[in-house]
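Student: I have a model of a complex open. Please show me how to read it.
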There are 2 protein chains.
Amino acid sequence: MRRSDVPTPSLLVDIDSLDRNIAVMQDGAREMGIALRPHAKAHKCIEIAQRIAAAGAIGVSCATISEAEAMALGGLTGILITGPLNSTNALDRLRRLLLRGADVTVIADHPSSVSQLAAIAAEVGRTLPVFVDVDVGMGRTGCLEIADVVSLAKGIAAAPSLRYAGIQAYWGNLQQVMPFGERSRLVGIQTARVRAVIDALQAANLPPGIVSGGGTGSHRIDAASGLFTEIQPGSYLFMDSCYSKVAISETGNPFMPSLFVAATVVSANSPGRVIVNAGWKAFATDSGTPIALRGTPEGASYRYMGDEHGALDFDGEAPALGATIEFLTSHCDPTVNLYAAYHVVRADEVIDIWLIRARY
Amino acid sequence: MRRSDVPTPSLLVDIDSLDRNIAVMQDGAREMGIALRPHAKAHKCIEIAQRIAAAGAIGVSCATISEAEAMALGGLTGILITGPLNSTNALDRLRRLLLRGADVTVIADHPSSVSQLAAIAAEVGRTLPVFVDVDVGMGRTGCLEIADVVSLAKGIAAAPSLRYAGIQAYWGNLQQVMPFGERSRLVGIQTARVRAVIDALQAANLPPGIVSGGGTGSHRIDAASGLFTEIQPGSYLFMDSCYSKVAISETGNPFMPSLFVAATVVSANSPGRVIVNAGWKAFATDSGTPIALRGTPEGASYRYMGDEHGALDFDGEAPALGATIEFLTSHCDPTVNLYAAYHVVRADEVIDIWLIRARY
């Protein structure tokens, strides 16, 4: 199939750009001496996780039990579920993952979770590695008080069916702070907190074996601090219009967009405007509007026009009715979650289709 | 399964409220003497379309070729595809739908579409009914000039493999204009345009057999104008927090919310706040934030906290870790598109699971 003949709207991934991003991150981690456990919340796809693992990642981070199930199905190891599991349903699915022998680590931020996890691991006769999740300023999950972190670590270490494996400290709210210097400064404040947490754990004779965290925007700062043993970036795989503007280091952003949404020109009845069949259902809308790239006159700008449509306003010559237009999305992760599969492209050809198995 | 034990995040539909909305709309259409072709873009589900058909609808409107395929698979008839089909892929799938004997009507807003549709219908040896799509002020699809509408109708009528079946005139931009009187006034302006289009078609000896349009917000005004033979509402099935505020007539809104998103409290480490496992991936974000309903302290308000999480801020007693919270979404159609299935609930029980077959 030719790239311009994909059903629309559809999600395209440029395999060479994807592989280049995977290599750039893996090479960088190697140079910085830090392990890489990239986040499947970005891609939700076995084939992509396998490429990342083949390049040298030590494991795969997952935001949901569905992602962990998909990764286990794909034979991935070093699966870390980065969000707390508390529902009856999620805990039962964790139990079944353990029964099947999946190599899973979980996090906890509350004593009741530790009890539940211990019961499940005991029931299936496995030793379940657990990180204590630390709230490093985001106010989302994790323990805020150092005393609570130490207390949870003690609880995990004391449970015969659990293994206290380390801590997780993730500052999602700082990943896209600009300029880079300001991001470094804010990360520095939270890094001091991580250091205090590690000191307290060491004082309690519970030094964390693993310190996991970091995203695409902060990973170089996190690696440089020397506190983290591994990083969990995800968006570097695809880049989007928001992340593309974010300097990853003092020298810029080495990653390139690899993810695109293809749409078709379905109406062309107004001068300077065509209508495409991609609207609120085709793009994540939380971070703005997509940017028209391939197939479009220079300077064309996109406007949402409802669930299934968008308008492309331009000055140059109109694209033809039926033409395929490709867009850079404003936010990759929730856009991926909208589609059943990636159409994998190399230049003008579709060379494969990869299911997005763990989408909602 | 109990309602509170669904995997989260998940989409729930309350079957009694859904059936009540179906009956209220069908009874209203009957009273107003207008046919009902409700829009599958809202639900994308065979089971729901079948319930609507059983209640008396004459057909089902579809925004995409995927929706038409799902509806045909479910044995639905009177399928109208309300958006222009121009891509090679969509036209080929239309061809295959016709080959399989599906009862499909399409729209056109450009002479090149008419030629393509005529060629496909001729190839499969079917007569394909076609509406001319009229732009009634939205600037999206459709012909703006009356001369173009007449010219397209002539082109359709002249094609041996096509049947000129009527016109479509839809004002999506006016559906939620408030107050009701202002909506009536704006619809009135466009209704005059529809009247002029019909007059011109009659003068050209091409009176439209069917005049299709109308949505949940305008359908009573549209029925009262006497110009439309059928209406295409969809959101009345589910209601959402935006539509719930919209008066459907001078006497208010007779429809009730039937669609909810269930999430789990996954972290509770701050006074006055818990974290749920539903964020930008779990809700359509184009029309604001969801509203917490069942399982939550009175007055709790939701904030997005990234792709997989949200915060619930409240004054009262905290819901327990692991508790299920249900939300009213701000926009039903694109929220439905995020999920694989409806968990169908009646009171506290899950009584069925219906696939959302035509999601992206």
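The dialogue below covers confidence, the interface and one residue.

Tutor: This is a predicted model, where local features need pLDDT of at least 70 and side-chain atom pairs count only at pLDDT 80 or more, while totals for chains, interfaces and linings use all residues. Residues are numbered from 1 along each chain, chains are lettered from A, and side-chain values use heavy atoms, without hydrogens and water.

Student: What is the mean pLDDT of chain A?

Tutor: pLDDT is the predictor's confidence in each residue, from 0 to 100. Where it is low, coordinates should not be read in detail. Chain A has a mean of 97, and 100% of its residues reach 70 or more. For the complex, the predictor gives an ipTM of 0.96 and a pTM of 0.97.

Student: How much area do chain B and chain A bury between them?

Tutor: Interface size is often given as accessible area lost when the parts come together. Here a 1.4 Å probe is used, and the loss is summed over both parts. The two chains bury about 4300 Å², 53% of it on carbon and sulfur atoms. B:R140, B:K281 and B:Y360 supply 19% of the area that chain B buries against chain A, more than any other three residues.

Student: How many salt bridges are there between chain B and chain A?

Tutor: Look for a side-chain nitrogen of Lys or Arg within 4 Å of a carboxyl oxygen of Asp or Glu. The count is 4. One of them joins B:D307 to A:K41, with the closest N and O atoms 2.7 Å apart.

Student: Is B:S17 buried or exposed?

Tutor: Buried means under 20% relative accessible area, exposed over 50%, partly exposed in between (1.4 Å probe, protein chains only). B:S17 counts as buried because its relative accessibility is 10%.
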